[in-house]
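Biologist: I'd like to learn how to read salt bridges and helix packing in a model. Can you walk me through it?

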Amino acid sequence: MKKLNIIALALFFAITSSLSAQKIKVENESYKFNDGKKHALKVNLFTDKHKDIIKAFLAEATTEGGTVEEKRKEAVLKNVLIKSVSANPLTVYIAVDNDNNEEADFYASFEQNGEILVPKTPEYENAEALMIKIAKNVSLPVVTKSLDKAEKELHKLEDKQKKLEDDNKKLEQDTRKQEGNIKKNEKALEKTNKELKKILTEMNSGKGNMDKLSKKKEKLDKTHEKTADKMKKEKKSIEDNKDQIKSNNNDIDQLKSDIKKQAEIVDELKKKYNAVK
């Protein structure tokens with residue numbers, strides 16, 4: 001078998017994100033928007049598609065009577081209504097940062113009547129809930145797709161290992177069969193040699209029908225040659241089986257290593273799925 005290609009493993013990235021925790025956390029940080037530094041809520045998402053993130057947030061806002069300005073990975077919503085946060089109009093600054101390797105940080109700064117929303121208020125808690133909702137809604141399809149692909153890859157590797165192990169069992173069974181055939185042929189060869197020795201003794205003695213003895217000897221010679229050829233092929237088959245089993249075992253060892261790595265990827269993606277489901 002050719003050296004196993006595990007490039008597919010790299011498609012699932014180096015999984016080391018904050019989403020590996022069992023729940024999404026909202027953090028309060030200072031972030032520098034295009035309009036300046038502001039206090040903002042931050043969540044980590046399992047996607048690096050900033051347009052999808054911003055689109056998901058804008059879908060939560062009623063912009064009639066307000067304005068929305070988008071610029072690259074940021075947007076400013078002025079005088080918009082987000083009913084899940086407050087019954088009053090809001091100004092919200094949003095931004096996507098560190099968007100790479102299928103992850104991104106999403107920031108949102110909420111202002112009401114010109115003042116930033118402060119902790120321990122209903123509006124602030126509603127804003128936190130909205131950030132979690134956005135993170136889950138945007139991340140879940142990506143995580144689900146990645147988990148599905150990772151599990152399929154894991155099953156594919158496991159199937160390869162099982163096939164090689166089954167092949168080895170068949171090769172070992174065939175080897176035992178060939179070894180049994182060799183033993184039978186060795187006995188047959190021994191019998192033929194004894195018969196040939198007996199005929200040669202008769203021929204050398206000058207007794208008996210030489211024509212008849214010669215034909216019998218010719219027949220035994222052919223039997224001897226045929227049996228010897230069989231044994232040669234059987235021994236060659238055994239050597240080939242051993243070489244193939246050795247090659248399969250090397251591939252199995254590599255597969256076990258690949259399976260372990262892929263299982264770790266699946267486990268990490270399951271943690272992420274549990275965080276966003």
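Predicted model: local features only at pLDDT ≥ 70, side-chain atom pairs only at ≥ 80, totals over all residues.

Biologist: Okay, salt bridges then. What is the general idea?

Modeller: Side chains of opposite charge can pair when their charged atoms come close. For the count, a side-chain nitrogen of Lys or Arg has to be within 4 Å of a carboxyl oxygen of Asp or Glu.

Biologist: How many salt bridges does a search of the whole structure find?

Modeller: The search turns up 14.

Biologist: Why are K194 and E190 separated by about one helical turn?

Modeller: Because they sit four residues apart in helix α3.

Biologist: And is K194 buried or exposed?

Modeller: Exposed means over 50% relative accessible area. K194 has 56%, so it counts as exposed. E190 has 46%, so that one is partly exposed.

Biologist: What about helix α4?

Modeller: Helix α4 covers residues 210-276, and K215 and D211 are four residues apart in it, so about one helical turn separates them. They form a salt bridge with the closest N and O atoms 3.8 Å apart. K215 is exposed at 55%, while D211 is partly exposed at 49%.

Biologist: Which residue does K236 meet in a salt bridge?

Modeller: D240, with 2.9 Å from N to O. Both lie in helix α4, again four residues apart, about one turn of the helix. K236 is partly exposed at 48%, and D240 is partly exposed at 36%.

Biologist: Which residues are linked in a network of salt bridges?

Modeller: E29, K42 and D105 are linked that way.

Biologist: Which residues make the contact?

Modeller: From α2 you have D52, I53, A56 and F57, and from α3 L130, I134 and V138. Sorted by class, that contact has six nonpolar residues, one charged and no polar ones.

Conventions. Residues numbered from 1 in each chain as written. Heavy atoms only, no water. Contact = heavy atoms within 4.5 Å. Helix = DSSP H or I, 4+ residues; strand = E, 2+ residues; numbered from the N terminus. Nonpolar A, V, L, I, M, F, W, Y, C, P; charged D, E, K, R; others polar. Buried < 20%, exposed > 50% of the residue type's maximum accessible area, 1.4 Å probe, protein only.
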